[in-house]
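Hi everyone, thanks for coming.

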Amino acid sequence: MGAIRNEIRRLRFEHGEMTQQELADRINLTRQTVNAIEQGKYSPSLEAAFRISAVFGKPLESVFHYSHDE
Amino acid sequence: MSFREKSAWISLLSMSGIYGFYFWSVIHAGPQPGHFRFSGLLATIIALVVLQVVLTVAVAIFKPEEAKAPRDERDKLIELRAMRVAYAGLATSVALACFFGAFDPPIVFNTNALLFILVTAEIMRSACQIIQYRRGA
């Protein structure tokens with residue numbers, strides 16, 4: 001099984017220490033969902049992933065990575 | 001804890017408590033064939049609705065911005081998964097009730113058995129939602 005990892009936490013801090021709530025408000029998700037995505041407990045839909053990338057002005061692959069677990 | 005998770009807790013605890021008391025009183029009253037007490041069930045439903053509304057409003061007053069927020073994709077996914085588990089439990093229980101119904105039980109047993117199945121399915125749904133919220137998704 002693989003896992004989707006992300007750089008959201010780092011990117012939030014690089015964008016003026018954006019809070020999870022601020023990010024959640026901008027992408028129409030709840031703060032709890034943003035937290036679950038950050039921790040890798042929930043994989044967002046493709047649409048939500050694109051919205052997150054757009055907030056940080058980065059391509060999708062710079063925010064989300066798929067890693068194969070051996 | 002999100003508003004949706006709190007709602008699931010309210011549903012789980014209120015249904016367990018109020019219907020638990022209802023079924024305890026039915027069992028305590030003993031078998032009374034042909035005398036299903038609709039007044040008791042009606043009082044139970046009214047108590048449940050009042051309790052859930054009061055608790056939900058209290059939670060919404062405490063954090064109104066969370067209560068106003070629509071369900072997001074994770075809430076919907078959690079709800080669907082919980083519904084699937086509850087439906088499986090409901091379908092299995094109804095099949096068992098049909099089987100035991102062939103032995104001609106009194107109507108009071110049949111009615112309360114079906115009610116018990118419905119309540120159990122609803123409790124399973126809330127419990128599954130809470131478990132998924134606790135796990136993250």
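Okay, look at chain B, where helix α1, residues 3-29, packs against helix α2, residues 38-62. This is a predicted model, by the way. The angle between those two helices is about 155°, and their axes are 10 Å apart. That angle is over 145 degrees, so α1(B) is roughly antiparallel to α2(B). If you're wondering about the handedness, α1(B) passes α2(B) in a right-handed crossing.

And which residues do the meeting? On the α1(B) side we have, among them, Phe3(B), Ile10(B), Met15(B), Ile18(B), Tyr19(B) and Tyr22(B). Across from them, α2(B) brings residues including Ala47(B), Leu48(B), Leu51(B), Leu55(B) and Val59(B). There are serines in the α1(B) part too, such as Ser7(B), Ser11(B) and Ser14(B).

Is Leu12(B) buried, exposed or partly exposed? Well, there are 18 other C-beta atoms within 10 Å, so Leu12(B) is partly exposed. Now for its partners from elsewhere in the sequence. Leaving aside neighbours within four places, Leu12(B) is in contact with Ile123(B), Ser126(B), Ala127(B) and Ile130(B). Take Ile123(B): it sits 111 residues from Leu12(B) along the chain, yet their C-alpha atoms are separated by 5.5 Å.

Among contacts in chain B with a separation of 6 or more, 90% are between residues 24 or more positions apart.

So what is chain B built from? Five helices and zero strands, and the C-alpha trace spans about 50 × 30 × 20 Å along its principal axes. Of the 137 residues in chain B, 18% are buried.

One more helix here: α4(B), residues 73-101. With 29 residues, it reaches 41 Å from first C-alpha to last, close to the expected 42 Å. Its buried residues are Arg74(B), Asp75(B), Ile78(B), Ala82(B) and Ala86(B).

Over to chain A, then. Here the axes of α2(A) and α3(A) come within 8 Å and cross at roughly 105°. That makes α2(A) roughly perpendicular to α3(A). On one side of the contact are Gln20(A), Gln21(A), Leu23(A) and Ala24(A) of α2(A), and on the other are Arg31(A), Thr33(A), Val34(A) and Asn35(A) of α3(A).

As background, nonpolar side chains in soluble globular proteins tend to be buried together. The largest nonpolar core in our model has 12 residues, and Leu23(A), Val34(A), Tyr42(A), Ile52(A) and Phe64(A) are among them. Which elements give two or more residues to this core? Those are α2, α3 and α4 of chain A, and α3(A) gives the most, with three residues. There's also a second, separate core of eight residues, which includes Ile78(B), Ala86(B), Ala121(B) and Cys128(B).

Let's finish with Ile52(A), which is found in helix α4 of chain A. Why does Ile52(A) count as buried? Because it has 23 C-beta neighbours inside 10 Å, and the cut-off is 20 or more. Not counting residues up to four places away in sequence, Ile52(A) touches Ile8(A), Ile27(A), Pro44(A) and Val63(A). As for Glu14(A), 38 residues away along the chain, its C-alpha atom is separated from that of Ile52(A) by 14 Å.

Methods
Residues are numbered from 1 along each chain as its sequence is written. Chains are lettered from A and ligands numbered from 1 in the order in which they are written. This is a predicted model: local features need pLDDT of at least 70, side-chain atom pairs count only at pLDDT 80 or more; totals for chains, interfaces and linings use all residues. Helices (H or I, at least four residues) and strands (E, at least two) are DSSP runs, numbered from the N terminus. Two residues are in contact if their C-beta atoms, placed from the backbone, lie within 7 Å. A nonpolar core is a set of buried Ala, Val, Leu, Ile, Met, Phe, Trp, Tyr and Cys residues joined through C-beta atoms within 7 Å. The expected span of a helix is 1.5 Å times one less than its number of residues. Axes are lines fitted to C-alpha atoms, for helices over the stretch in contact, and angles run from 0 to 180 degrees between N-to-C directions. Angles under 35 degrees count as roughly parallel, over 145 as roughly antiparallel, 65 to 115 as roughly perpendicular and the rest as oblique. A crossing is left-handed if the near helix is turned anticlockwise from the far one by less than a right angle, and right-handed if clockwise.
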